[in-house]
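Biologist: Hi! Could you walk me through this one while I have it open?

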Amino acid sequence: MAQEWDIDYGGSGHQFFDAEALKEAMQRTVRPPLMVGELDFDTVTREPTKFRDDEEGRLHLWHLINKDGKPSLDQPIVVGVDVSAGTGSSNSVAVGWNVVTREKVFEYANAFLRPEEFADRVVALCRWYGKPLLIWEVNGPGLQFGAKVVELRYSHIYYRRREESVSKKSSDVPGWASTKDSKRRVLGRYRDAVESASCANRSRMALEECSEYVYEPNGSIAHARESNRTDPTGAKGNHGDRVIADALAWYMLSEKKSLPTLRKQVIPVGCLAWRQKQRADAKAKPGKELKRNDGW
C-alpha cells in the first residue's frame with residue numbers, strides 16, 4: 001500500500017534513516033541558499049573565472065562571495081561527488097562541507113553532463129575553493145570521471161584504503177569503491193551525524209532524499225525507487241545522489257588524518273561547532289555555565 005497507493009517508497013521497506021530524526025534535522029539545519037547561479041570557467045585550463053548569479057542556476061551556495069569574487073570562507077572544505085551517466089535520468093552531484101563548522105557550504109546537481117564534462121566543472125569548483133580534498137564514487141561512470149580528474153592534474157584527491165586492515169594504509173588507486181560493506185559503513189557514519197546533530201545539512205532536497213534509503217532483504221542499503229518528486233535540476237528520476245555525495249564528504253570529515261592541518265581554527269560564534277565546544281567546555285569544568293546567545 002505504501003509503495004503503490006500512497007506513493008511512499010520508503011514506507012514499503014525499513015527506512016535506513018529515522019523519519020523523526022530527519023524531520024528534526026530539517027527544522028534545525030535547512031536554510032535557503034544565500035546565492036544561486038553558475039561558476040564560469042576557462043574551458044581550456046579549467047580555471048574558474050567568475051560566479052554568475054542565475055535564479056535557475058544549479059550551484060547553490062550557503063556563503064557569500066568576497067570582493068575578489070572568491071568564496072568568503074575562513075576554513076577549508078572537503079568535496080564529495082556522486083557521478084551519473086549524464087543522460088537525464090539521475091543527477092551528478094558535488095557538495096562541499098566546512099571542515100571546522102561541519103556544515104554544507106555548496107551543492108551542485110546536474111543530470112545532463114557526461115562524466116568527463118562533470119569532471120571539468122568539479123575541478124574548476126575545487127580550484128575556486130582553494131583545492132580542497134576531493135572524493136568520489138568510482139563505480140560505473142565514476143571511472144570516467146576519475147580518469148578525467150587525474151588527466152587534469154588535480155592531485156588533492158582521496159586514495160582508496162583497506163578499511164578492514166588495522167593500518168588502513170592508502171593505496172595508489174584514486175576514488176572510493178562502493179561495496180555492500182563500504183556503503184553501509186559510509187552511510188552509517190553519515191546517518192549518525194545527521195541524527196545526532198553533529199552536522200548541519202542546509203539542503204532540504206538532500207535531507208529529503210535520505211528518507212528514500214531502505215534496507216533490502218539481503219541486508220544491503222539502497223535507494224527505494226525513483227521518486228515522483230519534481231527535481232529542479234531536470235532529472236527524470238531521483239536516485240538519492242545527494243545522499244551519497246554528502247555521505248562521502250562526511251566520511252572525509254570523520255577521517256581526521258585525511259584533512260588538512262589547520263594552523264589556527266577560527267570557529268564562528270553561534271555555529272554548530274561553537275555550540276558543541278561550549279557544551280564540551282561546560283562538561284569539563286563543572287559549574288561553568290554555557291554562554292547564551294539571544295539568536296539561538
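Biologist: Great. What kind of model is it, by the way?

Modeller: It is a predicted model, so everything I quote is computed from predicted coordinates.

Biologist: Good to know. How many helices and strands are there in the protein chain?

Modeller: The protein chain has 7 helices and 11 strands. Of its 296 residues, 49% are buried.

Biologist: And what share of the contacts joins residues at least 24 apart?

Modeller: If you take contacts between residues at least 6 apart in sequence, 64% of them link residues at least 24 apart.

Biologist: I'm looking at strand 5. Is it buried or exposed?

Modeller: Buried: that goes for 7 of the 7 residues in strand 5 (residues 92-98), so the strand is largely enclosed by the rest of the structure.

Biologist: Which residues sit on each face of strand 5?

Modeller: One side has Ser92, Ala94, Gly96 and Asn98, while the other has Val93, Val95 and Trp97. All of them are buried, which leaves both faces of strand 5 covered.

Biologist: How many bridges join strand 4 to strand 5?

Modeller: There are 6 bridges between strand 4 (residues 77-82) and strand 5, and the two run antiparallel.

Biologist: Nice. How many bridges join strand 3 to strand 6?

Modeller: Strand 3 (residues 59-61) is joined to strand 6 (residues 104-110) by 3 bridges, again antiparallel. There, Leu59 has Tyr108 as its bridge partner in strand 6.

Biologist: Switching to helices: at what angle do helix 2 and helix 3 cross?

Modeller: Helix 2 (residues 115-128) and helix 3 (residues 142-151) cross at roughly 45 degrees, with their axes coming within 8 Å. The two helices are therefore oblique to each other, and their crossing is right-handed.

Biologist: Which residues make the contact?

Modeller: From helix 2 you have Pro115, Glu116, Phe118, Ala119, Asp120, Val122 and Val123, and from helix 3 Gln144, Phe145, Lys148 and Val149. By class, that contact has 7 nonpolar, 1 polar and 3 charged residues.

Biologist: Last topic: where does Arg204 lie?

Modeller: Arg204 lies in helix 5 (residues 204-210). Its relative accessibility is 42%, so Arg204 counts as partly exposed.

Biologist: What is Arg204 in contact with?

Modeller: Leaving aside neighbours within four places in sequence, Arg204 is in contact with Met26 and Val30.

Biologist: And how are Arg204 and Arg31 separated?

Modeller: Their C-alpha atoms are 7.7 Å apart, although Arg204 and Arg31 are 173 residues apart along the chain.

Notes: Residues are numbered from 1 along each chain as its sequence is written. This is a predicted model: local features need pLDDT of at least 70, side-chain atom pairs count only at pLDDT 80 or more; totals for chains, interfaces and linings use all residues. Side-chain values use heavy atoms; hydrogens and water are left out. Axes are lines fitted to C-alpha atoms, for helices over the stretch in contact, and angles run from 0 to 180 degrees between N-to-C directions. Helices (H or I, at least four residues) and strands (E, at least two) are DSSP runs, numbered from the N terminus. Angles under 35 degrees count as roughly parallel, over 145 as roughly antiparallel, 65 to 115 as roughly perpendicular and the rest as oblique. A crossing is left-handed if the near helix is turned anticlockwise from the far one by less than a right angle, and right-handed if clockwise. Contact means heavy atoms within 4.5 Å. Ala, Val, Leu, Ile, Met, Phe, Trp, Tyr, Cys and Pro count as nonpolar, Asp, Glu, Lys and Arg as charged, and the others, Gly among them, as polar. Two strands pair if DSSP finds at least two bridges between them. Buried means under 20% relative accessible area, exposed over 50%, partly exposed in between (1.4 Å probe, protein chains only).
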